[in-house]
Amino acid sequence: MDDKIKRIYVPMTESGFYILFCLQKPQHGYGISQQVKKMTGGQLTISAGTMYGTLSKMEKDGLIAFCYEEDKRKLYQLTDLGREILELEIRRIERLYRNSKGEDCNA
Amino acid sequence: MLKTFIRFFTIADYEDEELWLRYKHTEGWKLVSMTPPCFYHFESCEPEDVIYRMDFKNNTQTPEYMQMISDFGWEYVNESLGWLYFRKPSSEAESEEDGELFSDDESRVDLVIQVAKKRLWPLVIVFLCCVMSGLLNTMNGLYSGFYEKFFTIFFGTMFVIYVFLIVYCGFKLRNIKSRYTNK
């Protein structure tokens, strides 16, 4: 995998993580923000400009790809590279979680 | 009723501009359009607390971008010199972030970088190429008589304005940037 992309995205911001996580299925920007609100009980809000900027960047870096258009809204989905990055990040968070609970992660 | 207010904001004053527009709306004036560099055209309206936000897109906004912003409840007001103006009643903002265009520091810093790249640097280049070279030519006696006086005053004034703008905007943009990076 591209080491530069990996360095940029792992670890990633909370917003970045939720956006990638939601894009396992095709979704547009506003749909993602609604889903994130639901998943976090309203604790995390991703604003319009941040959403647009993050999606543009992720598309340029090849993590997500344009799927199809619905009423002027572009729907995106993870690429293979995006899936790989998400997988890495999830493993990192799982390790973090286990260590925070005082479990031995190498056991 | 329509009314035009004159107020000057530099490229580094966008956060103050947002607050001023919000304040105007609470006084019963809603923004209709603006004419650069300092004319704001308002229409009288019911006083209301409405949040104004600006994004710098430098004319690169796509229909998809406009759609996404409006999906998030923002009304597009006007565009001026690459800046887009949006507003949303504060009663419709569900949270603090919902009343902002940018919810993380990374994207706030991105905006500052874009403004510096596309607006501040061109200002420096115009300053060096036109104002400085004009002033030096005049001082070296390229013109004589009336023209000498005219160009000395003209380029002298431009010199002062440009130096002020570049220093002011440079410092202010750096301040905004560090506010969002040193948290």
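**Entry 1**

I looked up the pairing of β4(B) with β6(B) and found 7 bridges joining the two strands, which run antiparallel. I take helices (H or I, at least four residues) and strands (E, at least two) as DSSP runs, numbered from the N terminus. Two strands pair if DSSP finds at least two bridges between them. This is a predicted model: local features need pLDDT of at least 70, side-chain atom pairs count only at pLDDT 80 or more, and totals for chains, interfaces and linings use all residues. Residues are numbered from 1 along each chain as its sequence is written, while chains are lettered from A and ligands numbered from 1 in the order in which they are written.

In β6(B), I noted B:P89 opposite B:V50. β6(B), residues 83-89, also pairs with β5(B), residues 75-80, in the antiparallel sense over 5 bridges. There B:W83 of β6(B) stands opposite B:S80. β5(B) and β6(B) form a hairpin with 2 residues between them, and B:L81 in the turn has a positive phi of about 50°.

Angles here run from 0 to 180 degrees between N-to-C directions, and axes are lines fitted to C-alpha atoms, for helices over the stretch in contact.

**Entry 1: first sheet of chain B**

I found another open sheet of 3 strands in chain B, in the order β1-β3-β2, with antiparallel pairing. Its edges are β1 (2-6) and β2 (29-35) of chain B, each with a single partner strand, so one side of each is left without a neighbour in the sheet. Direction ignored, neighbouring strands of this sheet are turned by 30° against each other on average. I counted 5 bridges between β1(B) and β3(B), residues 39-44, in the antiparallel sense. B:K3 has B:F42 in β3(B) as its bridge partner.

**Entry 2: chain B as a whole**

I listed 4 helices and 6 strands for chain B, in the order β-α-β-β-β-α-β-β-α-α from the N terminus on. The C-alpha trace of chain B spans about 65 × 45 × 30 Å along its principal axes.

Chain B is divided into domain 1 (2-99) and domain 2 (105-181); the bounds come from an automatic or database domain assignment. Their C-alpha centres lie 26 Å apart. The contact takes 5 residues from domain 1 and 11 residues from domain 2 of chain B. I count two residues as in contact if their C-beta atoms, placed from the backbone, lie within 7 Å. The side of domain 1 of chain B that touches domain 2 has 3 nonpolar, 2 polar and no charged residues. In this scheme Ala, Val, Leu, Ile, Met, Phe, Trp, Tyr, Cys and Pro are nonpolar, Asp, Glu, Lys and Arg are charged, and the others, Gly among them, are polar.

**Entry 3: helix pair in chain B**

I checked α3(B), residues 105-139, against α4(B), residues 146-181: the axes come within 9 Å and cross at roughly 160°. That makes α3(B) roughly antiparallel to α4(B). The classes I use are roughly parallel under 35 degrees, roughly antiparallel over 145, roughly perpendicular from 65 to 115 and oblique for the rest. The crossing of α3(B) and α4(B) is left-handed, that is, the near helix is turned anticlockwise from the far one by less than a right angle (clockwise would be right-handed). The residues of the contact of α3(B) with α4(B) divide into 21 nonpolar, 6 polar and 4 charged.

**Entry 4: chain A**

For chain A I listed 5 helices and 2 strands, running α-α-α-α-β-β-α from the N terminus on. Its C-alpha atoms fill a box of roughly 50 × 35 × 20 Å along the principal axes.

I looked at α2(A), residues 14-22, and α5(A), residues 80-100, which pack at about 125° with their axes 10 Å apart. That makes α2(A) oblique to α5(A). The crossing of these two helices, α2(A) and α5(A), is left-handed. A:F17, A:L20 and A:F21 in α2(A) meet A:G82, A:I85, A:L86 and A:E89 in α5(A). By class I get 5 nonpolar, 1 polar and 1 charged for the contact of α2(A) with α5(A).

**Entry 5: contact between the chains**

Chain A gives 16 residues to the contact and chain B gives 21 residues. On the chain A side, α3 (29-39), α4 (48-60) and β2 (73-78) are the elements that give two or more residues. α4(A) has the largest share of that side, 6 residues. I sorted the side of chain A that touches chain B into 5 nonpolar, 8 polar and 3 charged residues.
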